[in-house]
Amino acid sequence: MEFVIGATAACGACLISNPMDLLKTRMQLQGELRAKGHYTVVYKNIIHAAYAVAKADGILGLQKGLAPAMCYQVVMNGVRFGLYRKVLDSGIISRADGSVSTIGCVLAGAGVGVIGGFLGSPLYLVKIHLQSQAAESIAVGHQHKHQGFLSAMSSINSKEGIRGLWRGSASSIPRVGIGSASQLFTYSKSKDWLDHYGLYPRDSWQSTFLGAMTSGLVIATCMSPFDVVSTRIYNQGLDSKGRGMLYSGIVDCIIKISHSEGLQGFYKGWSGIYLRIGPHSFLNLILWDFLTILHKKYRNKHEEGRS
């Protein structure tokens, strides 16, 4: 049931946040391995990017990659929230007053994030491919030209085999590990702090909102470099031998971005990450809390009825 609750909450949030995810992907691919001033700026900022996509690809163009994104949320956050809830309920990282251990929260958050991210990697790969596809006038990064979600999965599998579907998965480990740890840590700690100082109860929507927006800021800052690297590696084209045309791995990608784009290259699309993660986290976490509480009430009522 913890898996179902986590997956349902994540899908509800994904439906609203996917356009921002698409925009941050485009901005991360813009000017790939080129110094500032040496490439055409297609997307000036997040607002202009939304306008450019809607104008060239239509309003539905903002929802490209929604199907694999939803499926990825089912796997990634179903596993992540499901396992994290198990850890919380076990009491391993909880204190007597209901607060959580700092180290335990970070380790648990990173661990469940890595597991969920690895299992969902093929879906994330296809999501990035579809989100990067655009009309020629606004195209950035490598264009894979897939016909759709299932077609992309079939095409990758037929050309590269089952291993091809997990291409780039190594780059997702630091991304999801740091993202998950920072989200679940800052979210849990923010709620603890608000409850401790009597501002809002731990189970209130205000506590969830402030915790989610705070965690979104931390996640965007901590995760952005790894998110850029992951997007670039997942989206790059392959040569005739199935090797990446731009990057041989994570370290190579980091070095090339650093040399050609500088530090700011690792923070391309930062606003898109935050504007996606803040609302996404709030919707995701408040749905997760609501469904968890609802499930506990149903379970307790059922047990009382049996007794």
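A polar contact is a pair of N or O atoms within 3.5 Å; within protein, one has to be able to donate a hydrogen and the other to accept it. I kept that beside me while going through this predicted model.

**Gln131**

I started with Gln131, which sits in helix H5 (residues 121-132). Its side chain makes a polar contact of 3.2 Å with the side chain of Thr25, and one of 3.3 Å with that of Asp21. Buried or exposed, I wondered about Gln131? It is buried, at a relative accessible area of 0%. I then listed what Gln131 touches, skipping neighbours within four places in sequence: Asn18, Asp21, Leu22, Thr25, Arg26, Lys64 and Gly65.

**Helix H4**

Next I checked the length of H4 (residues 102-119). At 1.5 Å a residue, its 18 residues should span 26 Å, and the end C-alpha atoms are 26 Å apart, so the two agree. At the N-terminal end I found Ser101 as the cap, with a side-chain oxygen 3.2 Å from the backbone nitrogen of Gly104. Gly104 is itself buried, and I noted other buried residues of H4, including Cys105, Ala108, Val112 and Gly117. What do the buried residues of H4 pack against? I get helix H3 (66-90), H5 and helix H7 (169-196).

**Cysteines**

Last, I looked for disulfides and counted zero. Cys253 is in none, since the nearest cysteine sulfur, that of Cys222, is 19 Å away, and the cut-off for a disulfide is 2.5 Å.

Methods
Residues are numbered from 1 along each chain as its sequence is written. This is a predicted model: local features need pLDDT of at least 70, side-chain atom pairs count only at pLDDT 80 or more; totals for chains, interfaces and linings use all residues. Side-chain values use heavy atoms; hydrogens and water are left out. Helices (H or I, at least four residues) and strands (E, at least two) are DSSP runs, numbered from the N terminus. Buried means under 20% relative accessible area, exposed over 50%, partly exposed in between (1.4 Å probe, protein chains only). Contact means heavy atoms within 4.5 Å. The expected span of a helix is 1.5 Å times one less than its number of residues.
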